[in-house]
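Welcome! Open the structure in your viewer, and let's walk through it one selection at a time.

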Amino acid sequence: MIPTKLYFGHAAEILGEVLPKGRVVVITDENLLRLYPELVRSYDHIIIGIGEEVKSLSTVARIYDELMAMGADRSTFLLGIGGGIVTDITGFVASTYMRGVAFGFVSTTLLGQVDASVGGKNGVNFDGYKNIVGTITQPQFVVSDVEMLRTLPERELRAGMAEVVKSAVVGDRELFDFLVRCDYSDICSSVESLRYIVSRAMEVKMAIVEEDERESGKRRLLNLGHTIGHAIEKCSSCLNHGEAVAVGMSLIARAACGLGVLKPSDAEVIDSLLLKLGFNLDTPVSMAEILVAVRGDKKRNEESINVVLPVAIGECEVRKMRFEEFEKLFV
Ligand SMILES: NC(=O)c1ccc[n+]([C@@H]2O[C@H](COP(=O)([O-])OP(=O)(O)OC[C@H]3O[C@@H](n4cnc5c(N)ncnc54)[C@H](O)[C@@H]3O)[C@@H](O)[C@H]2O)c1
């Protein structure tokens, strides 16, 4: 795998240095066009709508149409400017248009910067299942401009913090301690602090992806809190992805204590950090409903499930469990 180059700083300046000389087409969404018109209008551009419904094969088909109408060929470079939805779609279009063209991202949400933009997974939703159609293809570069996070709605910023906590619990005790020491508002108002948390969280993910790009082993660790988080998202529309992952992390940490693999004091410190960051850790629907949704997840192999358990702050393990065993962790 050719590692993605990661850049931190002003997007426009960095793009001037890293984009290839030939034709560049930007794919972005309506909000980014409204908020950053100069950046977007510097290139040929294709605008998509907002929201998870847009992450579909019909949007991909419309982008193919527009690329063909523009005369985009195999030498065209696609630049996704946006959050996870834009980068997932751009990566998928770039991996498939004319059997693959080069691409890169300017990631503009906290969740995108620490998670969605890195690792090469891309794709769209299909038949009611999230991210069920896609490829794993690495972008050439990801630019993270934390100044762009200033325009991000507060709820979206906070949601991204859940993925930062996840990275810390999976593989970076120092990042975790930093988050415990600092105030949420101080982190969000400091470019240095934001760059620090984004780069540390990205490094956790990149190191894992470099070892296991196709998720046959270690990459599964990055699903900490996600099995339950995805199920919560399916059952209830009142929590966004990050909020649901926060609840998932809290529940699985407590389950890990029940199994005797995590100290109760570590589960408490995870909970208190999530609460300090403003997450509500109550389940929005009953545990029984959540478990039914876990069973329905197409990513599950047969009757067993790969469960990511925290074993310490900064260390997790994957344990294959029969679904019944998993269920018992929550009774
Ligand atoms: N590929 C992966 O590995 C991976 C990992 C995690 C999540 N994802 C995917 O990412 C998606 C969620 O990404 P997201 O949370 O970034 O959501 P998103 O892309 O929908 O962005 C959230 C909202 O913020 C707006 N926005 C983006 N940047 C902005 C900015 N700088 N200022 C103001 N508004 C801005 C967007 O227009 C949108 O309305 C999901 O579809 C999820 O499946 C992918």
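**Stop one: the sheet**

Start with the strands: 6 of them form an open sheet, paired in parallel and ordered β1-β8-β5-β4-β2-β3. Keep in mind that this is a predicted model. At the edges you will find β1 (5–8) and β3 (44–48), each of which pairs on one side only. Turn the view to follow the twist, which averages 20° from one strand to the next.

Now select residues 103–107 and 141–144, which are strands β5 and β8; they pair in the parallel sense over 3 bridges. Which residue of β8 is the bridge partner of serine 107? Look for serine 144.

**Stop two: the ligand**

Select the ligand and its surroundings: 29 residues are there, the closest being Asn31, Gly83, Gly84, Thr109 and Ala116. Two or more residues of this shell come from each of α2 (30–35), α5 (84–96), α6 (110–116) and β7 (129–133). Colour the shell by class to see 9 nonpolar, 12 polar and 8 charged residues.

**Stop three: two helices**

Finally, select helix α7 (residues 154–171) and helix α10 (residues 191–211), whose axes come within 9 Å and cross at roughly 55°. The two helices are therefore oblique to each other, and α7 passes α10 in a left-handed crossing. Show the side chains at the contact: Glu163, Val164, Ser167, Val170 and Gly171 belong to α7, while Ile197, Ala201, Val204 and Lys205 belong to α10. By class, this contact has 5 nonpolar, 2 polar and 2 charged residues.

Conventions
Residues are numbered from 1 along each chain as its sequence is written. This is a predicted model: local features need pLDDT of at least 70, side-chain atom pairs count only at pLDDT 80 or more; totals for chains, interfaces and linings use all residues. A residue is near a molecule or strand if its C-beta atom, placed from the backbone, lies within 6 Å of it. Helices (H or I, at least four residues) and strands (E, at least two) are DSSP runs, numbered from the N terminus. Ala, Val, Leu, Ile, Met, Phe, Trp, Tyr, Cys and Pro count as nonpolar, Asp, Glu, Lys and Arg as charged, and the others, Gly among them, as polar. Axes are lines fitted to C-alpha atoms, for helices over the stretch in contact, and angles run from 0 to 180 degrees between N-to-C directions. Angles under 35 degrees count as roughly parallel, over 145 as roughly antiparallel, 65 to 115 as roughly perpendicular and the rest as oblique. A crossing is left-handed if the near helix is turned anticlockwise from the far one by less than a right angle, and right-handed if clockwise. Two residues are in contact if their C-beta atoms, placed from the backbone, lie within 7 Å. Two strands pair if DSSP finds at least two bridges between them.
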